[in-house]
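Here is a brief report on side-chain packing in one protein chain. Please look over the sequence and the model first.

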Amino acid sequence: MTELLPWQQILWQQMVTNPKPAHAYLLHGKKGIGKQQFAQRLGYYWLCLTSDNKQPCGHCKSCHLLATSGAHPDIFWLKPEDSEFIKVDQVRMLIDFINQTPQISPCKVVLIEPAEALNLNAANALLKSLEEPAGNSRLILVSHQAGQLLPTIKSRCIQQLCPTPKQSDALQWMQQQLTNVEVEQLSQLLVLAGSAPLYAVELYQQDVLKQRQQVVEDIKKLLKHQLVASQIAESWNNIPLLLLFNWFCEWLHCILCYQATKDINTLGMADMQKVLNYLADKASLEKVTQLQEKLLRERQKVLAKANLNRVLLIESVLIGWINLLTTR
C-alpha cells in the first residue's frame, strides 16, 4: 500500500472525513512532495470495501487486488504513454470506463497524472466527464504546474494545494530512505530539489551531486581561463540540459539579489558563493539581466523539447557567462 507521508497527515484527515467528497479534485504543488502517492492512496481508500479507521483496510478483495497485481477493474490510470502528452484517444477510453458500473468497489476512481500533459483536444474531451461524471465516479488530477492547465479544467475541480514539508521533516524522511548518505549531502540534495524530498531522492539516484561538483569546478576553470567553453560543453554531455539551465538561471537570480541587497545569504549554496560574489562585483546589472532573459527563453525551448544543438547551446551559455566579466 502506498505510504502516507508524515507531512500529509492533516490533508489526509481533511479529505477522508469529508462526508460529501467532490467528484473531481485537482491536487497541485511542487514536483517531488508526494502528490502522486497521496492521490493513489486516496483512490485506494475510496475503492476499499471495509475502510478501517479512515485508512484502506489492506485486507479486503479490493485492497488485495491493488496490493498484489495493481490491477483493479474500478480504477483507471491516465498518463502519457507513447509520447509526452495524454492524447484524446486515451480520454475516450477513460469516458468508456466512466460509463460502466463499478464491478467490485462502491465507486470508480480515475487518476490523471500529470494533468498538464493533457493536450488541447484531450483536455476539451475531458470537460464533460469532469463536470458530470457518469455513475459513481471520482477523478483525481495531479499537477506539478497547475498554471499550464486550461481554466475550464481547473474550474471543474476542487483545487487542493498539497503541502511542502518543513526542512526538518523532509530531512528526517530522507534519512530513512537514504541510510548511507551523510546529513550534509542530504541537505545539499534538498536545496537542489527546492525542498521537495522525493525529488531530492530522485536527484541522488541520478548522481546529481557528482554532476553539480563537475559543473562548479569547470566554471571556476572557465573563469580562470584554464578551460574554454567548447571543451566544457563537450564534457557535460551526460548532464541533463534542463538541470544545467535551472542552475544557471538560479545563479543569475542570486547575482541580481546580491547586487540589490549586498546580503551574502542571497548567494545560494556554498559551492558557488565565492564565484557568484565575484561576478556580482564585476558584472553590470544590464549584462546580468540580458543573460538572464536569454537563458529563460532557451529554458522554455528545453522544456518544450525543441530540437536543439546541445553542445552549441551550452557553449553559448558559457560564453555569455564569461562575458559578464567586463568593466561596468
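UniProt, in an unreviewed entry, places the feature "domain: DNA polymerase III delta subunit C-terminal" at residues 207-321. The model shown here is predicted. Over residues 207-321 the chain is 77% helix and 0% strand. The end C-alpha atoms of that stretch are 25 Å apart.

## Nonpolar cores

The largest nonpolar core has 86 residues. Helix α12 gives the largest share of this core, 13 residues. Which residues have the most contacts inside the core? They are I219, W236, F248, W251 and W321.

I219 shows how these residues meet. Leaving out residues up to four places away in sequence, I219 touches W236, F248, W251, M272, V275 and W321. Another core lies apart from the largest one. This other core has 25 residues, including L78, I98, A123 and L141.

## Aromatic pairs

A search of the whole structure finds ten aromatic pairs. A pair of rings is described by the distance of the centres and the angle of the planes. Two of the pairs are set out below.

| Pair | Centre distance | Plane angle | Class |
|---|---|---|---|
| F76 and F97 | 5.4 Å | 40° | tilted |
| W236 and F248 | 6.3 Å | 45° | tilted |

Buried or exposed? F76 is buried, with a relative accessible area of 16%. F97 is buried too, at 7% relative accessibility. The cut-off for buried is under 20%.

The pair of W236 and F248 also links distant parts of the chain. W236 sits in the loop between α11 (229-235) and α12 (241-261). F248 belongs to helix α12, twelve residues apart from W236. Both W236 and F248 are buried. Ring pairs join W236, W247, F248, W251 and W321 into a cluster.

## Arginines over tryptophan rings

Two arginines sit over tryptophan rings. R41 lies over the face of W12, at 5.6 Å from the ring centre. The charged end of R138 sits over the ring of W46, 5.0 Å from its centre.

T2 lies in the segment before α1 (9-16). At 13% relative accessibility, T2 counts as buried. What does T2 touch, apart from residues up to four places away in sequence? The list is Q37, Q40, R41 and Y44. R41 is also the residue over the face of W12. The C-alpha atoms of T2 and Q36 are separated by 9.8 Å, and these residues are 34 residues apart along the chain.

Q90 has its place in helix α4. Its relative accessible area is 7%, so Q90 is buried. Setting aside neighbours within four places in sequence, Q90 is in contact with F76, L78, K79, E81 and F85. L78 is one of the residues of the 25-residue core.

Methods. Residues are numbered from 1 along each chain as its sequence is written. This is a predicted model: local features need pLDDT of at least 70, side-chain atom pairs count only at pLDDT 80 or more; totals for chains, interfaces and linings use all residues. Side-chain values use heavy atoms; hydrogens and water are left out. Rings of Phe, Tyr and Trp (its six-membered ring) pair if their centres lie within 6.5 Å; planes under 30 degrees apart count as stacked, over 60 as edge-to-face and the rest as tilted. Buried means under 20% relative accessible area, exposed over 50%, partly exposed in between (1.4 Å probe, protein chains only). Helices (H or I, at least four residues) and strands (E, at least two) are DSSP runs, numbered from the N terminus. A charge sits over a ring if NZ of Lys or CZ of Arg is within 6 Å of the ring centre and within 35 degrees of the ring normal. A nonpolar core is a set of buried Ala, Val, Leu, Ile, Met, Phe, Trp, Tyr and Cys residues joined through side-chain atoms within 4.5 Å. Contact means heavy atoms within 4.5 Å. UniProt positions are given in the numbering used here, feature names are shortened, and annotations may be inferred rather than shown by experiment.
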